[in-house]
Amino acid sequence: MKKFLGTALFSVLSFACFAQDEISYTVSFPNAIHHEAEITMVIPRVPAGPLKVRMSRSSPGRYATHEFGKNVYNFKAFDPNGKVLALKQPAGDVYEIPDHGSTVKVTYTLFGNWIDGTYAGFDETHAHMNIPATFAFPLGLDARARLVKFNYDEKQNWKVATQLKPMGNNTFYAANLQYFMDSPTEIADYKTAIWDVKNKDGKVQTIHLITHSDDSQETINQYAEMLKKMVAEHYAVWGEFPVYDYGHYYFLDDVYPANAGDGMEHRNSTSIVQRTPKIAGYESNLLGTFSHEYFHSWNVERLRPKTLEPFNFEHSNISDELWLAEGFTQYYGGLLLTRSGLKTVDNAVQAFNGMVNAVLNSPGANGYSPIQASRYAVFADAGVAIDQTNKNNIFLSYYTYGAATALALDLRLRSEFKLTLDDYMRALWKAYGKPEIAYTVPDLEKTLGELTKSSAFAKDFFGRYIYGTEKNDYAKLLLNAGFVLRKANPGKAYTGFGRVSVEGGKVSLPQSLVGSPAYQAGLDADDVILTIGGKEIKDLASLNAASADSKPGDIVDVTYLYRGESKSTRLTFAEDPGLEIVPIEKTGGTLTPAMQSFRDNWLNSQIKSK
């Protein structure tokens, strides 16, 4: 038992500093080398009746249920005189204190060794904390303010970075549980670059790049210069910055190869975890996460779906609107890097190509709407499951589905109404984001109708492409910008096997996709292909050769192992459904002045020169 937990008695005076209404935490790291933190919570003015304290099962920015309680142990409760209070544990992450006085002190040990945006990690170099993964909380007292003090004197050069309000003496403040839970915290010997941005009302705010990485200060400064360009293009879309609480926004960036990797948005900060040795040499590759997460400081954090209000910490919120909240953010994340000159037009086209292929060729998009994809997030967003699902056939990520929808809407607004998706986002910001009025899907449709002065267009678009499963004519829309959507491999035979695994001379199939030749032939996950057309299949080369020797429409005999039993079937090759987007000038066609102008207005910088 740790020393500070082992003291049986502590004086009433130890509660003196907690005489107010705030729920107060103290965090220390005496065993960080073994990934433990020690946490104390003091709850004053506890209401009569049993007190329940729990760990969260969800986290802002995540949409599935998580089991943060599994890493809590040595959980104890005391009265102000140091007397141990009896505990019950009605659930794995819930503790009940039946009898208590007006003040209760809780202590526990937390294990954390997973560095991403969702969990917590402690070691000799830093303390990386997603708040729901770190702090227990009493039920029924959500409106109470929180104070947290971090003790780390023994850690050389550590300092705290967080959107929480600094109160001095390594103590920080949140007005309520919702804000506290939304405030990731990094404590490390990090490097910083800061710059000021002026809002359209003339007020100045500060943006911080906080980087825990093996990089020089010069590298951090240079990277901040890149981020400044990115931030400026974000501002150009929305027309103003959000009003950041306390006047600050923080990029909390943790870079190390063993990290889990992630990006997680929060109201006035983002937790960005990357899996490279350092930033230097990887600058361009890392920018996408920064751009996506920063866009969220408008879209999601303030322009917010009603289904996410309030955020439920006992189980995940189900949402109809993630196709816009995450998907439109995904679209803009890459687009704004191109507009800022940090990515090329070819990079943007490559991203659009992935969106279009996914939405036109995946069973999940063909059979299910963007709203249905959004609802499935409670299972798909890093949710806890060990059994296989049919996800590949019933779900397309709301990130990709929404991004493809944003692409289509942007091109349609430009070609049909001389408007842009930027105009739509600004209209949503004015109506719902800036005043922080949570929206519904009908609100999104209404705003589109008002913007275009065509409720019929908005009703049709939402009916067919948001509530329904129809797909926009991407070939026609992209041609406006001088991009040709065509078959990537016309005439090439296609099995639909997907990404096979090869081990010990055995080629095993993944789950087959609805409508593919493999699915139609009755082949599925873990089947081992033995022969195709009488030719032995033992590696990727022989598998590819079988397709190369065939053409769409050919029928071949396939032998395979199913649970160790030799079986046979017949497979009819289809044409490879893969698509590619190519600039018209690279196809031998003519890039007209109108196409060039459309392309430039779409993909070039939107920053107005003074």
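An open sheet of five strands runs in the order S16-S17-S18-S20-S19, with mixed pairing. Strands are DSSP E runs of at least two residues, helices are H or I runs of at least four, and both are numbered from the N terminus. Two strands count as paired if DSSP finds at least two bridges between them. Strand S16 (191-198) and strand S19 (262-265) stand at the edges; each has a single partner strand, so one side of each lacks a neighbour in the sheet. The twist averages 10 degrees from one strand to the next. S19 pairs with strand S20 (residues 269-274) in the antiparallel sense, over four bridges. Gly 263 has Ile 272 in S20 as its bridge partner.

The model is predicted: local features need pLDDT of at least 70, side-chain atom pairs count only at pLDDT 80 or more, and totals for chains, interfaces and linings use all residues. Residues are numbered from 1 along each chain as its sequence is written, and side-chain values use heavy atoms, without hydrogens and water.

The largest nonpolar core has 94 residues. Such a core is a set of buried Ala, Val, Leu, Ile, Met, Phe, Trp, Tyr and Cys residues joined through side-chain atoms within 4.5 Å. Buried means under 20% relative accessible area, exposed over 50%, and partly exposed in between (1.4 Å probe, protein chains only). Phe 251, Tyr 331, Tyr 424, Met 425 and Trp 602 have the most contacts inside this core. A second, separate core of 50 residues includes Val 46, Val 72, Ile 131 and Met 181.

Helix H6 (residues 322-339) is mostly covered, with 16 of its 18 residues buried. Just after H6, Gly 341 takes a positive phi of about 85 degrees.

Terms used. Axes fitted to C-alpha atoms, helices over the stretch in contact; angles between N-to-C directions.
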